[in-house]
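Here is a short report for a first look at a protein model. Please read it with the structure open beside you.

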Amino acid sequence: MKAAIYHGVGDVKVTDLPDPKAGPKDIVVKVALCGVCGSDTAEYFISNSGAVMPGNKFGHEFSGTVVDVGKEVKGINEGMRVITNPMTSTRGGRRNACMVGGFAEYVLIEDAAIDYNVYPLPDHLTLEDGALVEPGSVGMHGVNTAEPKLDDQVLILGAGPIGLGALTGVKALGIKNVIISDISEFRLEKAKELGADEVHNPKEEDLAELFERLYPDQHPGMGYIDATVDAAGAGSALLDAICLSKGGARISIVALHKHAIELEPMFFIMKNLQMKGSVGYPTEFPQVLGFFRDGKVDLKPTVTHRFPLSEITAALTMATKADEAIKVLVDMSA
Ligand SMILES: [Zn+2]
C-alpha cells in the first residue's frame with residue numbers, strides 16, 4: 001500500500017509498504033478520507049515534538065471501510081463504514097495516537113471493539129462527516145473542560161477547526177451566548193455560518209470594548225465571561241479572556257501555545273477562576289458522533305480543500321493558511 005511517512009521537519013514522503021493484515025483481535029480499515037491536524041502541521045513545519053516519531057506513518061482523523069476482520073472480533077463486519085478513536089486504536093494507546101497512520105491506504109486497528117476504538121458510521125452520515133468527528137471531539141473536550149451552563153456567556157478563542165468544533169459543540173448543548181474571536185475575517189465568516197452569536201476580531205476592536213457594547217449596564221469590573229475555550233494559542237487573547245472573566249469562571253486551554261505568558265495570580269484568587277488544560281477526548285468521541293447523527297453538529301462547511309495522498313505536502317502546507325483553509329482532507333480515492 002501507499003503510505004505517507006514522516007522523516008522529520010520538512011520531510012514527508014509517500015512510500016510503498018506491505019498491506020497490514022488483521023491479527024485475531026484486529027481489523028484493517030481501508031481509508032477514505034483523513035484530515036490534516038494542527039499537530040501534523042506542527043511536526044512538519046515547526047519541530048519534532050515526539051508525537052510522531054521519524055520513520056513512522058501519521059494522520060489520525062480518518063474514516064473508512066472495514067476490509068479485514070480478525071477471527072475473535074465481535075460485531076464488526078467487512079464492508080462496515082467506520083471511524084476509529086486514535087487514542088485507543090493501537091496497543092500503544094494515546095502516545096501513539098498521532099501515528100495511527102491515516103495518511104495511508106489501509107490502517108490496522110488493534111484490539112478492535114465497537115465503542116472502544118471502532119464506531120460504525122450511521123447510514124445517513126457521509127465518510128466526510130466521519131473524518132470530522134475527531135477534530136470535533138477535540139473541540140468538545142475543550143468545551144466540557146470549561147463546563148459551560150445554559151445561560152453562560154461563552155468565549156471561544158480561535159476559529160480554526162478546533163475552535164469551530166468547540167463552537168458547534170457548545171451550540172449543540174443549547175447555549176445561547178457564544179462569542180468567537182479570531183484575526184481572520186474568512187474564519188469569522190465561517191463561524192457565523194456555523195451559529196456563532198457574535199464574532200470578534202481583535203484587529204478591529206478590543207474584546208473589552210465589545211463586551212461593554214454588548215452589556216452597557218454592567219460594571220466592567222464584574223467581568224463578562226463564564227467559560228472560555230482557548231483554541232487560538234495567542235497569549236494576549238488568553239490574558240484578555242482572564243481579565244474579562246466573571247467570578248467562578250472556567251478557562252480551558254486546548255491550543256498548543258508556543259510561547260510562555262505572564263499571569264497575574266491575584267486575578268485567579270479574587271475571582272475564583274479555574275484554568276485547566278484539555279487534550280484529546282476521553283469521553284467526547286461518542287458524544288460528538290451522537291451530535292452528528294442527530295443533526296445537531298455539521299462540520300462539513302469547515303472543509304475547504306481536498307488533496308490526493310501523492311500531494312500530502314501540499315495538503316500540509318495548505319492547512320497552515322489561515323485566510324484560505326480551515327479543514328484540509330487527504331482523499332484516498334483521488
Ligand atoms: Zn486531530
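Predicted model: local features only at pLDDT ≥ 70, side-chain atom pairs only at ≥ 80, totals over all residues.

Residues are numbered from 1 along each chain as its sequence is written, and side-chain values use heavy atoms, with hydrogens and water left out.

**Two domains**

The protein chain splits into domain 1 (2-132 + 299-331) and domain 2 (138-277). These bounds come from an automatic or database domain assignment. The domain centres, taken over C-alpha atoms, lie 30 Å apart.

Where they meet, 11 residues of domain 1 are in contact with 12 residues of domain 2. Contact means heavy atoms within 4.5 Å. The two domains bury about 1000 Å² between them, and 73% of that is on carbon and sulfur atoms. Leu 299, Pro 301 and Ile 326 supply 48% of the area that domain 1 buries against domain 2, more than any other three residues. Buried area here is the accessible area (1.4 Å probe) that two parts lose on being put together, summed over both.

There are 0 salt bridges between domain 1 and domain 2. Polar contacts between them link 5 residue pairs, both residues at pLDDT 80 or more. A polar contact is a pair of N or O atoms within 3.5 Å; within protein, one must be able to donate a hydrogen and the other to accept it, and residues adjacent in sequence count only if both atoms are side-chain atoms.

**Two single residues**

His 141 sits in helix H3 (residues 133-146). Helices (H or I, at least four residues) and strands (E, at least two) are DSSP runs, numbered from the N terminus. Is His 141 buried or exposed? His 141 counts as buried because its relative accessibility is 13%. Buried means under 20% relative accessible area, exposed over 50%, and partly exposed in between (1.4 Å probe, protein chains only). Leaving out residues up to four places away in sequence, His 141 touches Ser 278, Val 279, Gly 280, Tyr 281, Pro 282 and Glu 284.

Asp 68 belongs to strand S5 (residues 61-69). With a relative accessible area of 26%, Asp 68 is partly exposed. The Asp 68 side chain reaches the backbone nitrogen of Ala 22 at 3.1 Å. Beyond four places in sequence, the residues touched by Asp 68 include Lys 21, Asp 26 and Glu 78.

**Salt bridges**

Side chains of opposite charge can pair when their charged atoms come close. The structure holds 19 salt bridges. A salt bridge is a side-chain nitrogen of Lys or Arg within 4 Å of a carboxyl oxygen of Asp or Glu. Three of them are listed here.

| Salt bridge | N to O distance |
|---|---|
| Lys 327 and Glu 61 | 2.8 Å |
| Asp 226 and Lys 246 | 3.3 Å |
| Arg 306 and Asp 331 | 3.0 Å |

Lys 327 is buried at 2% relative accessible area. Glu 61 is also buried, at 1%. In the next pair, Asp 226 is buried at 11%, whereas Lys 246 is partly exposed at 27%. Arg 306 is partly exposed at 42%, while Asp 331 is buried at 11%.

Which residues form a salt-bridge network? Asp 26, Arg 91, Glu 110 and Asp 111 are linked in one.
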